Amino acid sequence: MKEKIQQPIAVTPHLFQLGVPSFPVYLSMGAEGMIIEGGTGATADIIVTQIDMLGIDPAQIKSICLTHTHLDHVGAVPRLRRLWPHLKVLAGSIGAEFLQKDTFVQEFLPGDRMIGEILMGQGSIAAQPFPLDEYNFTVDSIIAEGDKIDLGAGIVWHVFHTPGHSPCHISLVEEKEHTMGIGDMTGYFDPSLDVFWPNYFSSLEDYCNSIKKMTSVRAIRGLLSHNGVIEGDMRRHLGKALLATETYHHELLRRLEQGDDKERICTDKADWVCSLGALASYKVIHFLCKLMLKHSAAARGKDLFRLHQAAMHECLESGGMGMPSASRLD
Ligand SMILES: [Fe+2]
């Protein structure tokens, strides 16, 4: 089957969405460029073609910033670096350590191949990408909460540590165009269905705290690690993500209290997640549902979801597209 031609999307004068909608990366252009997200092996060639279509000289793109190191968010790194050796890889310290584990590449390869199969099924690629002799995931620069990444021309990204989806997760906020790169911090969100699958894979408590923390940072668009860009006041998205997490968690606890079989609960959840669109194999989704059931059971009785009442009201009422009235970044 011949692959669909994926056009790059201009989000703002300084920002482009590349890759494919289910596994996008973003190109932020100031005086220099930075790719946000590490893509997948199967989307690396698409990204290269799209940068060419935009007429941007790859020499201008200096870095790739990883929101986290799950295998579906780092796969294009070794391929882009092979092509453009000047690219510097930026990530948090926990992520950098994780990528250097002896077992990382051997765990990465089957998962990256699984994504290739999903994308072939969607008609996004015609064939699996060719294997590399070496998969280099070395992080060149460690970034941490409070750091600024200045791309010139007024484009400055601020770094926030937002664990919970993974221990290494970071989010980014750009101060000129008020864009928030949230990775998988708020889980899997399908904007067309307005549905969340919360993804507290490493810690429910951290996941909620990260969402709550980011409600104090004003932004008017969000870059998701799956399904592209959402426009509008990000406080609303974050408030909805927190409510969706609370609902999901309480449903799991209620079913456990009713004596429902754990396996049945996970199978029901995995069936539902797969009905939203496959981003991983059924086995992987089922494993992740099981992981979250464990985290929910361990967090029973904890008060995790309460935003300051005024903040919650503000979040859920802030549907507008206007510029934020106040900003921690101003
Ligand atoms: Fe992830």
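A residue is called buried if 20 or more other C-beta atoms lie within 10 Å of its own, exposed if 12 or fewer do, and partly exposed in between, with C-beta atoms placed from the backbone. Helices (H or I, at least four residues) and strands (E, at least two) are DSSP runs, numbered from the N terminus. The structure is a predicted model, in which local features need pLDDT of at least 70 and side-chain atom pairs count only at pLDDT 80 or more, whereas totals for chains, interfaces and linings use all residues. Residues are numbered from 1 along each chain as its sequence is written.

In helix α1 (residues 44–53), the buried residues are A44, I46, I47, Q50 and I51. Seen down the axis of α1, these residues fall within an arc of 160 degrees (the arc of the directions from the helix axis to the C-beta atoms), so they line one face of the helix. An α-helix has 3.6 residues a turn, so residues three or four places apart point the same way. The buried residues of α1 pack against β2 (15–20), β3 (23–29) and α2 (77–83), where contact between two residues requires that their C-beta atoms, placed from the backbone, lie within 7 Å. D45 also belongs to helix α1, but D45 is partly exposed, with 17 other C-beta atoms within 10 Å. The C-alpha atom of D45 is separated by 8.3 Å from that of P129, 84 residues apart along the chain. Just after α1, G55 adopts a positive phi of about 75 degrees.

The protein is divided into domain 1 (9–233) and domain 2 (239–317), with bounds that come from an automatic or database domain assignment. The centres of domain 1 and domain 2, taken over C-alpha atoms, are separated by 24 Å. In the contact between them, 23 residues of domain 1 meet 25 residues of domain 2. On the side of domain 1 that touches domain 2, at least two residues are supplied by each of α4 (104–121), β12 (188–190), β13 (195–197) and α5. The largest share of this side, 6 residues, comes from α5. By class, the side of domain 1 that touches domain 2 has 14 nonpolar, 6 polar and 3 charged residues. In this classification Ala, Val, Leu, Ile, Met, Phe, Trp, Tyr, Cys and Pro count as nonpolar, Asp, Glu, Lys and Arg as charged, and the others, Gly among them, as polar.

A nonpolar core is defined as a set of buried Ala, Val, Leu, Ile, Met, Phe, Trp, Tyr and Cys residues joined through C-beta atoms within 7 Å. The largest such core has 82 residues, and those with the most contacts inside it are Y26, I36, I64, C65 and I211. Helix α6 gives the most to this core, with 6 residues. Both domain 1 (9–233) and domain 2 (239–317) give residues to the core, so it lies between them. Not counting residues up to four places away in sequence, I36 touches V25, Y26, S28, C65, L172, G181 and L223.

Helix α8 (residues 282–298) has 17 residues, which at 1.5 Å a residue should span 24 Å; its end C-alpha atoms are 24 Å apart, in agreement. The expected span is 1.5 Å times one less than the number of residues. The buried residues of α8 are I285, L288, C289, M292, L293, H295 and S296. Seen down the axis of α8, they fall within an arc of 165 degrees, so they line one face of the helix. On the other side of α8, K283 and A298 are exposed. The cover over the buried residues of α8 includes α5 (204–214), α6 (234–257) and α7 (262–275).

H178 has a positive phi of about 55 degrees and lies in the loop between β10 (170–174) and β11. With 20 C-beta neighbours inside 10 Å, H178 counts as buried. D194 also has a positive phi of about 55 degrees, in the loop between β12 and β13. D194 is exposed, with 9 other C-beta atoms within 10 Å.

T179 lies in strand β11 (residues 179–183). T179 is buried, with 26 other C-beta atoms within 10 Å. The contacts of T179, not counting residues up to four places away in sequence, are with L15, E174, A219, R221 and L223. T179 and R306 are 127 residues apart in sequence and 25 Å apart in space, C-alpha to C-alpha.
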